[in-house]
Amino acid sequence: MSGSPGTPCLQLERVSRHFGGLKAVDDVTLTVEPGARHAVIGPNGAGKTTLFNIISGEFPPSSGAITLDGRNVTKLKPHQRAALGVARTFQITRLFPELSVIDNVLLACAALDRRKFTMFRPLSSHGDFMERAGRLLDQFELSNVRDERARHISYGAQRRLDVALALAGHPRLLLLDEPMAGLSTPERVAMRGLLEQLDPSIAVLLIEHDMDVAFSFAARVTVLHQGKVLADGSRDEVSANELVQQAYLGGSVNS
Amino acid sequence: MNAVRALLLVVAVAATFISAQTNDTRPPIKIGFMVPLSGGNAQNGRDILNGFLMYLDEIGYRAGGRQIELIVEDDEAIPAVGLTKARKLVERDEVHVMAGALLSSTGYALAPYITSMKIPMVYPVVSADDLTQRRRSEWIVRTGWSGSQPNHAFGEYAYQKLGIRSVVTIALDYAFGWESVGGFERTFAAAGGRIRQKLWVPLSAHDFAPYLAQIPRDVDAVYALLLGRTALQFMRQYEEFGLKGRVTLIGGGTTTDEHVLPFMGDEAIGTVTALHYSAALDTPANKAFAATYRARFKKIPSYYSESMYTGGKWLIAAINAIDGRVEDRAALVEALRRVRPSDLPRGPMELDAYGNPIENVYIRRVERVNGELQNTVIDTFPRVSQFWTFDPDRYLSEPLYER
Amino acid sequence: MAEPRATAPDWRLVVAGLGAVFLLAAPPFLSAYWVGLLTQVVILGILAMSLDLLIGYTGLPSLGHAGFFGVAAYGVGILSTTYQAGVVASIAGGFIAGTGLAALLGLIVSHVRDVYFLMITMALGMVLWGLSFRWIPVTGGDNGIAGIPRLETLIGLPATGPIPFYYLALVVFAACIVLMMVLVKSPFGLTLQGIREHEPRMRSLGFNTWLHGYLSYVCAGAFASVAGIMWAYYNGFVSPTYLDLTASSELFLMVTLGGPATLVGPVIGAGAIVILKNVMSAYTARWLLILGIVYIVTILWAPQGLWNLGRHRRS
């Protein structure tokens, strides 16, 4: 599955996406190395979430090519990309609200397993699923609400569950869309802790508004502005970039 | 406590008195009856029930020296529901004899059950040909008609008496329509007439324009076989299309039956149809029936109303013939096939060996008399059999009428 | 593993237990008529549960579900009368006809969701009805096909009649309810609920949700076929009313009245409607009105259906 050494985990080549006359993503070229910690920043409407949707396959790019581990996936559907190791969370939490927390995680565990088609044997009798789901719940501090319906747990727990779902399938590339959004200060601290403990072999692409978080978490930063890449490089290069200073960072670093 | 005892005593005495007075030593005869009483066919079902109630009232709910208990069920015009109701009547209420059903589909669905339970049953309306032909049951007696029966007579009449040579048919697209048109076509074509085109309309039809537009103006007559709402709509549009007065309108009896006739206007006048009954039939028996029916139910009797008046009369005659010993079901069904009550509203009738009536077929023309539309009888074919003039065995070896 | 939160025994357990005992033990003490009604309840119960797989679990509101039921019944009717086929061939033929049709139509309908799904299944259901009504040489049209032999005799039961047939239907019902209960607890069953809850998220987790939706449609069609086969043998005839829109919507009503995504609820819904229909109509021709009132009261007081009474409501 994984490409030869030196092959980037994800590569976007001149990817664009137009909605009518609006160029939401405009000629973006981007490389994410295996195990990278990579942040995408930019003001609202810069095209960050659209970029994520293109990477995860929610909709195809209008032009350009997407490569995962050296394989062209431009035409693949979301579930096919997930099978190749792409997982994501959502800016607005997407859970299975009427299912219990454990069932949410079990579903995610089964997603890339052939036994998801097993019809006449209860899921609870699949010990390895239960075990893995249990470990994820422990890791994301959700064990105490395991039998609650997802819609009844706290917002912070829902955000953690969202990340746990994404991780259940052992992804090689994790797309995190503002995981901190809307969290209280203690919850943010907890979430940061969780993110820092992620398996270093997973490449993480993070959309984040909070510059402190972005610059402390990611070694590499891409700045999007009106759909275009304004700057791309190490965090020091980017924070020193004049264009970025002017267009975006000026004064609002501590927003 | 004493008051309760006293009351019980009074009830007991009264009960003894009443039973002594009616002198009933045998339990009542239970008659199970079912027709659609809800849904689109409820009005026809109600007419059938009315006719039966009227006859039972006439005889004071007594026959063969026993009281009659009538148990009525709604079959909803759904065959599976009809079967469930039949099971209820037979297995729970333990009726001695059954009567009813309106639709052919219900009639066919009930037949195997009736046969397997050996319950005599009277079909007053169900007109599917095969019920008394290839798929007849010894336990079912039909006192109504078979769909093609009046049309055999009418096909010949149309050619010979009405001078019609070419016809377009327009009929409801189900077994009743096919059998009516089939019967008409057979004798009409045999006489030398020609069916130019057969138009079939779904039961749910609301607009006849697409069909009327297809009718060539040089055809001699249009034969229409419709019912209820479709008959009303068709009549109106036939006139609107300018066909009335230019192309003679003839049809099956239901098209101008009294269940729709009062709701029609002058557009219906002149339509000639054939059926085994007309409310305007000028006989003492029918005049008395129609007058009583009108007085009681405030409307003209339809052929449906007459069907179970006659059916009831037939059934009661059979019960009387065996002195009320309805527990002997074989004797009852044998009596049903044998009796020949007279003074029926529709005129003389007897049953053939297949359990279908041999009866008059009336050619009726819609006229306005005393301000009301009626089916004036203009000609009569006496003693028409379901096989017309054909040999029954040969007739039965041929296929059923289809589209 | 942590135990589920301790709760007092749910009233549902008590009702289900009593219901099971009743279905098992009561018929010998009931009249043939009531045994017949109970037979209808268990057969239509299978059908209602099969629709619940679609409505309640996958979240696909089908208004043409009686189609598979009817086609399987026609399969039995045509094979066992016109072709004089044996009982095994008739049952297999009915099952294959209903399930195969679901597999075929599923290819068309499982691309759409929600109200579009409702409309397209309704349209296909009406096409099937039209076929049963119009394809006269095969289906007998409006008159249907009568004279299907008795199943108890065919499979060599020592006794025939309402009670042996009832227990036969009950065995089939028990097998179906167990299979469906395992199905909804299986990994596949959970994926269906995932589709109902959030289909795009399912896709991004790696599920081909089209395939899962399609398979659930086929499964529901298969169980509906089982019910159709039993119905054909129960009535001894088949007719177009088995698969008309009224049948499909009454079925829809059974599921929503009883409580979707519960399996047991739709059986209760089937029971309520069969009993109400037959008991009420003995007293009044206005029983449809009463059914309507029952339905409205349920919507107001138990919008999630009878079997979900007292449970958390969905927003």
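**Two interfaces**

Between chain C and chain A the count is 1 salt bridge, meaning a side-chain nitrogen of Lys or Arg within 4 Å of a carboxyl oxygen of Asp or Glu. Before I go on: this is a predicted model, where local features need pLDDT of at least 70, side-chain atom pairs count only at pLDDT 80 or more, and totals for chains, interfaces and linings use all residues. Side-chain values use heavy atoms, with hydrogens and water left out, residues are numbered from 1 along each chain as its sequence is written, and chains are lettered from A and ligands numbered from 1 in the order in which they are written.

So who makes that salt bridge? The partners are C:Arg201 and A:Asp162, with their closest N and O atoms 2.1 Å apart. The rule also finds 11 residue pairs in polar contact across chain C and chain A, both residues at pLDDT 80 or more. A polar contact here is a pair of N or O atoms within 3.5 Å; within protein, one must be able to donate a hydrogen and the other to accept it, and residues adjacent in sequence count only if both atoms are side-chain atoms.

Which elements of chain C touch chain A? Those giving two or more residues are α8 (162–185), α9 (187–205) and α10 (209–235), where helices are DSSP runs of H or I, at least four residues, and strands are runs of E, at least two, numbered from the N terminus. α9(C) gives the most, with 15 residues.

Now the area. Chain C and chain A bury about 3200 Å² between them, and carbon and sulfur atoms give 68% of it; that's the accessible area (1.4 Å probe) the two parts lose on being put together, summed over both. C:Arg201 comes back here: with C:Pro187 and C:Leu190, C:Arg201 supplies 21% of what chain C buries against chain A, more than any other three residues.

On to chain B and chain C. Here 30 residues of chain B are in contact (heavy atoms within 4.5 Å) with 27 residues of chain C. The buried area is about 2500 Å², with 57% from carbon and sulfur atoms. There's 1 salt bridge by the rule, and it joins the side chains of B:Asp173 and C:Arg134, at 2.9 Å from N to O. On chain B's side, β3 (66–74), α3 (79–92), α4 (104–117) and α6 (175–191) each supply at least two residues. The largest share, 10 residues, comes from α3(B).
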